[in-house]
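Open the model in your viewer and keep the selection tool ready. The stops follow below.

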Amino acid sequence: MQSRRDQRQRVVRRLRQRHHHAIPERVAFPFVALFSALWLLLVYVPVAHWIWGGGWLAGLGALDFAGGIVVHTTAGVSALVLAILIGRRRGFPGTLTPPHNPGMTMTGAGMLWVGWFGFNGGSALAADASAGNAILVTHLSAAAGAMAWTAAEWVKIRKPTSIGIVTGYVAGLATITPAAGYVSPAAGLLIGTAGGLVCFYATLFVKHRLVIDDSLDVFAVHGVGGILGSLLLAVFLLPGLGGIGLAEGRTVVGQLAVQALAVAVTALWSGLLTFGLVHGLGRATPLRVDVEAEHDGLDLASHGERAYEFNPMR
C-alpha cells in the first residue's frame, strides 16, 4: 500500500515538473525565429482565412471582429502548449522574479492602449460609425478590465499594484476584441469587467494550482480573454442589449454554438500544430539555452547587450 502511494506521489511530482508556460528568459533565439515564421504560416494564416477570408467558419456564421479567435485564441493555446514542452524557468515556483521596472511597464502599457484603438477600430476597414463604436467600446472595456482586476487583487492579496492594473486592462482589451464592432458601449463595460475578473482567477489557477510558469500570462489573459469575449459576443449581439443583431433565422443559442465550435477548432488546430512544430524544430536546433545563459540573462548571453549599463566608478 505504501509502495503504491509513493508511486502516485512520484507521478504527481513528474507531472508538476512538466507544467510550464510562456517562454521568455529560457528559449534559444534560433528556435524563436524559426518557430515564429512557421507558426505564422501554418497556424495563423489558415485560421485567418477560415474566419476573415470567406472560409468554412465564416460560412457557418462565426464572428470575430478583430481577432479574439484568430489572434488571441491561437496565440494563447499555442503559448500554453509551447511552454509545457519547453519547460519552466529554473527556480519556479519557489523563486519568483518580479517585473524589474513597473514605470516602464506602465509607459509601454499606455502606448499599447492607444495602439489597440487602431487594432480594433481599424478592423472596421473604414473611418465610419462602426470604427468609432469599436474604439469607444475598446476604451471602456479596457478601463473596466483594469478596475475589475484591481478590485480582485485588492480583495485577494490586499495590495493593488500597477502591474495588476496593466494586466487587467490587457484582459479587458483581449476580451472585447472579437466583439468591438458589434456591441454597445454598455456591453463593453460588462465584457471588460468579466474579462478582468475571469482572467485574474485564470492567472491564479494557472500559476498556483497547475504550477505553470506563465511568465507573461499569455494563455491566462490573452487566450482566456479572447475565448470569453468570443462566447459573450453571442449574447450581446441582441438589439435589446445594444448589439447589431443576429443573422436572420439565427438564435442566441445557435450563434453561441457556432462561436464555441470556432473556438474549439481553432484551439485544437493551434495546439496540434504547435506540438508538431516544437518536436520537428527540436531535431534541428536546441530549444532551450543552457543553465549559465539562463542565469546570466538572454540579453547578454544571446545578443551581447544589457538593458542597463551602470558603472558606479565612472
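Start by selecting glutamine 255, which lies in helix α10 (residues 252-281). Helices here are DSSP runs of H or I, at least four residues long, numbered from the N terminus. This is a predicted model, where local features need pLDDT of at least 70 and side-chain atom pairs count only at pLDDT 80 or more, while totals for chains, interfaces and linings use all residues. Residues are numbered from 1 along each chain as its sequence is written, and side-chain values use heavy atoms, without hydrogens or water.

Is glutamine 255 buried or exposed? Glutamine 255 is buried, at a relative accessible area of 2%. Buried means under 20%, exposed over 50%, partly exposed in between (1.4 Å probe, protein chains only). Now show its contacts (heavy atoms within 4.5 Å). Beyond neighbours within four places in sequence, glutamine 255 touches Gly61, Ala62, Leu63, Ala234, Leu237, Leu246 and Arg250.

Next, the aromatic rings. Rings of Phe, Tyr and Trp (its six-membered ring) pair if their centres lie within 6.5 Å; planes under 30 degrees apart are stacked, over 60 edge-to-face, the rest tilted. The count is eight aromatic pairs. Select phenylalanine 65 and tyrosine 182: their centres are 5.3 Å apart and their planes at 80°, so this pair is edge-to-face. Phenylalanine 65 sits in the loop between α3 (56-60) and α4 (68-86), tyrosine 182 in the loop between α7 (162-176) and α8 (185-209), 117 residues apart. Both residues are buried.

Move to phenylalanine 200 and tyrosine 201. Their ring centres lie 5.0 Å apart with planes at 90°, so they too are edge-to-face. Phenylalanine 200 is buried at 5% relative accessibility, whereas tyrosine 201 is partly exposed at 44%.

Finish with Trp50, Trp56 and Trp269, which form one aromatic cluster.

Methods
Helix = DSSP H or I, 4+ residues; strand = E, 2+ residues; numbered from the N terminus.
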